[in-house]
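Have a look at the model first, then take the tasks one at a time.

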Amino acid sequence: MITDVRAPQGHQQTYGTAYEQMLEKVRYEGAYPTRERADEAVRLVLGGLGRQLTGDERVDLAACLPLEAARVLTAQVPDTQPRTGWAFVKDLAARSGASLATTRWDTGSVFSAVTAHAGPDLTTRILNQLPTGYALLFGRAELTSAA
């Protein structure tokens with residue numbers, strides 16, 4: 001059951017099955033102690049990605065993600081100035097108040113789940129759109145052409 005209604009304090013938010021599965025993947029990949037901690041990471045990182053991604057890749061990724069995750073991604077207005085992968089992590093760390101190491105960990109854990117939903121072709125298209133430094137965050141080698 002999917003609901004936008006806030007659960008009373010002391011009760012868990014009800015999510016769709018696909019989002020629950022995504023949270024479990026992030027929780028496992030990130031070794032988070034609770035589903036709530038995994039949800040915080042997903043919301044932080046997907047919000048940040050929503051500020052970076054535009055065009056068909058943004059639309060296609062939103063279509064691949066569970067509804068709750070797609071809402072987080074698409075609720076963000078893309079920045080006018082794209083950030084490198086490292087600047088992306090630093091921005092998320094500043095927004096969350098977490099350390100750079102923790103934020104880098106969160107990013108990798110969430111992007112692992114995003115890649116599982118998007119598949120290799122869409123992930124490649126996303127990486128081709130983003131500035132340098134994102135491939136490693138998505139668990140891929142950063143390939144550069146020889147000068």
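## Getting oriented

Of the 147 residues of the chain, 40% count as buried, where buried means under 20% relative accessible area, exposed means over 50%, and partly exposed is in between (1.4 Å probe, protein chains only). This is a predicted model, in which local features need pLDDT of at least 70, side-chain atom pairs count only at pLDDT 80 or more, and totals for chains, interfaces and linings use all residues. Residues are numbered from 1 along each chain as its sequence is written, and side-chain values use heavy atoms, with hydrogens and water left out.

## Exercise 1: the fold

Find how many helices and strands the chain has.

*Solution.* Start with the rule: helices (H or I, at least four residues) and strands (E, at least two) are DSSP runs, numbered from the N terminus. The chain then has six helices and zero strands. Read from the N terminus, the elements run α-α-α-α-α-α.

## Exercise 2: the span of H6

Compare the span of helix H6 with that of a straight helix of 30 residues, and find where H6 bends.

*Solution.* First, the expected span is 1.5 Å times one less than the number of residues. A straight helix of 30 residues would span 44 Å, but H6 (residues 100-129) spans only 24 Å between its end C-alpha atoms. Next, look for a bend, taken as the angle between axes fitted to the seven residues ending at a residue and the seven starting there. H6 bends by about 115 degrees at Gly 119, and Pro 120 follows within four residues. Thr 123 is also found in H6, and this threonine is buried at a relative accessible area of 1%.

## Exercise 3: the aromatic cluster

Work out which residues the ring pairs link into a cluster.

*Solution.* Rings of Phe, Tyr and Trp (its six-membered ring) pair if their centres lie within 6.5 Å; planes under 30 degrees apart count as stacked, over 60 as edge-to-face and the rest as tilted. The structure holds four aromatic pairs.

1. Phe 88 is buried at 1% relative accessibility, and Phe 111 is buried at 0%.
2. Phe 111 and Phe 138 are stacked because their ring centres are 4.0 Å apart and their planes are at 10 degrees. Phe 138 lies in the segment after H6, so its pairing with Phe 111 ties together parts 27 residues apart in sequence.
3. Phe 138 is buried too, at 6% relative accessibility.

Put together, the ring pairs link Phe 88, Phe 111, Tyr 134 and Phe 138.

## Exercise 4: a buried charge

Glu 68 has no salt bridge; find how far away the nearest side chain of opposite charge is.

*Solution.* A salt bridge is a side-chain nitrogen of Lys or Arg within 4 Å of a carboxyl oxygen of Asp or Glu. For charge, Lys and Arg count as positive and Asp and Glu as negative, while His and the chain ends are not counted. Glu 68 sits in helix H4 (residues 67-74). This glutamate is buried, and the nearest side chain of opposite charge, Arg 71, is 6.3 Å away. The side chain of Glu 68 does reach the backbone nitrogen of Gly 16, at 2.7 Å.

## Exercise 5: salt bridges

Count the salt bridges, then examine the pairs Glu 24 with Arg 27 and Asp 79 with Arg 83.

*Solution.* The count comes to 13 salt bridges. In Glu 24 and Arg 27, the closest N and O atoms are 4.0 Å apart. These two are three residues apart in helix H1, about one helical turn. Glu 24 is partly exposed at 32% relative accessibility, as is Arg 27 at 27%. In Asp 79 and Arg 83, the closest N and O atoms are 3.8 Å apart. Salt bridges that share partners join Arg 51, Asp 79, Arg 83, Asp 91 and Arg 95 into one network.

Note on methods: Polar contact = N/O pair within 3.5 Å; in protein donor to acceptor, adjacent residues only side chain to side chain.
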